[in-house]
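The sequence and the structure come first, and the description follows.

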Amino acid sequence: MQTPSSRHLEALPHPKKLEELCRALATLDAVMCQEWDGRYYSFNAAWAGGQRMASMRDGSGDEFFIVFEAGRAFIKGFAHERSDAIQRYSLEIAKAQVPEVFAACLEEPAFTPDYASFVLWHPGGEAGWSALELGLPDAGDPDGSADLLAILAGSPEQYVAFAAWYFESEVPLAAVERVYGNEPLSKALVQQLNPELALEEILEDLEEIGYPLAGNQ
């Protein structure tokens, strides 16, 4: 399984599949942790003007933001230890390379517009992903994108390993696979993922995420 990064753009899912994956990650985090501040992954289905926004924050300064709109996707990441990439980045350089349709994303105040270590975008349709060129070495992971975007390879096993590390919880792979498959969330599925949580406790979170609920819950 290839790790998605600015060096391996082919490993990133198409925007539609990526959005489904980001919803799944945010839903799983909501089930595993009721406190929003304790979660890695979030999703806002009503971010602004028809846009949806996914994010990751690790609490140590690393983060990424993904904006979805009209079949397109924009990713801005900040790996705080990748000093070479951070020092080479500027909003002016980004504006010169990133298509105009993503200009508002580049300048969005919530995404700290003056700082980034990588920027990726997909214009929709049959086109592929593109990456901001900062003149970094080809070897290794100089912009931190492989590290931060690894979970976007889309393997349920990755989330099981993440939950064991971060939440110190053993999450059943079969239950994670069902969420990755966008299966509507039910009381029974929530109990499989986190026996200490009732579905009713996270209904507001699920509404913000836009994840589907089972008809009879």
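## Crossing of α6 and α7

The model is predicted. In it, the crossing of helices α6 and α7 is right-handed. Helix α6 covers residues 156-166 and helix α7 covers residues 173-180; the two pack at an angle of about 125°, and their axes are 9 Å apart. An angle between 115 and 145 degrees is neither roughly perpendicular nor roughly antiparallel, and α6 and α7 are therefore oblique to each other.

On the α6 side, the residues that meet α7 are Pro 156, Glu 157, Tyr 159 and Val 160. Their partners in α7 are Leu 173, Val 176, Glu 177 and Tyr 180. Sorted by class, this contact of α6 with α7 holds six nonpolar and two charged residues, with no polar ones.

## Packing of α1 against α7

Helix α7 also packs with α1, at an angle of about 135° and with the axes 9 Å apart. That angle makes α1 oblique to α7.

From α1, the contact takes in Leu 21, Ala 24, Leu 25, Thr 27 and Leu 28. From α7, it takes in Val 176, Val 179 and Tyr 180.

## The nonpolar cores

The largest nonpolar core is made up of 50 residues. Ile 66, Ile 75, Leu 152, Tyr 159, Tyr 180, Leu 185 and Leu 193 have the most contacts inside it. Helix α1, residues 15-32, supplies the largest share of this core, with ten residues. Another core lies apart from it and has 19 residues, including Tyr 89, Ala 116, Val 119 and Leu 132. In soluble globular proteins, nonpolar side chains tend to be buried together.

Which residues does Tyr 180 touch, leaving out those up to four places away in sequence? They are Leu 21, Ala 24, Leu 25, Leu 28, Ile 151, Gly 154, Ser 155, Pro 156 and Tyr 159.

Ile 66 sits in strand β3, which spans residues 63-69. Its relative accessibility is 0%, so Ile 66 counts as buried. Beyond the neighbours within four places in sequence, Ile 66 is in contact with Leu 18, Cys 22, Arg 52, Met 53, Ala 54, Phe 74, Ile 75 and Leu 152.

Tyr 41 belongs to strand β1, residues 41-48. With a relative accessibility of 8%, Tyr 41 counts as buried. Not counting residues up to four places away in sequence, Tyr 41 touches Leu 25, Ala 26, Asp 29, Ser 55, Met 56, Phe 64, Ile 151 and Phe 162. Tyr 41 and Phe 111 are 70 residues apart along the chain, and 15 Å separates their C-alpha atoms.

## Positive phi in two loops

Thr 112 lies in the loop between α4 (103-106) and β5 (118-122). Phi of Thr 112 is near 50°, a positive value in a residue that is not glycine.

Asn 182 is in the loop between α7 and α8 (187-193). Although not a glycine, Asn 182 has a positive phi of about 65°. Its relative accessibility is 31%, so Asn 182 counts as partly exposed.

Terms used. Residues numbered from 1 in each chain as written. Predicted model: local features only at pLDDT ≥ 70, side-chain atom pairs only at ≥ 80, totals over all residues. Heavy atoms only, no water. Core = buried A, V, L, I, M, F, W, Y, C linked by side-chain atoms within 4.5 Å. Buried < 20%, exposed > 50% of the residue type's maximum accessible area, 1.4 Å probe, protein only. Helix = DSSP H or I, 4+ residues; strand = E, 2+ residues; numbered from the N terminus. Contact = heavy atoms within 4.5 Å. Axes fitted to C-alpha atoms, helices over the stretch in contact; angles between N-to-C directions. Parallel < 35°, antiparallel > 145°, perpendicular 65-115°, else oblique. Left-handed = near helix turned anticlockwise from the far one by under 90°. Nonpolar A, V, L, I, M, F, W, Y, C, P; charged D, E, K, R; others polar.
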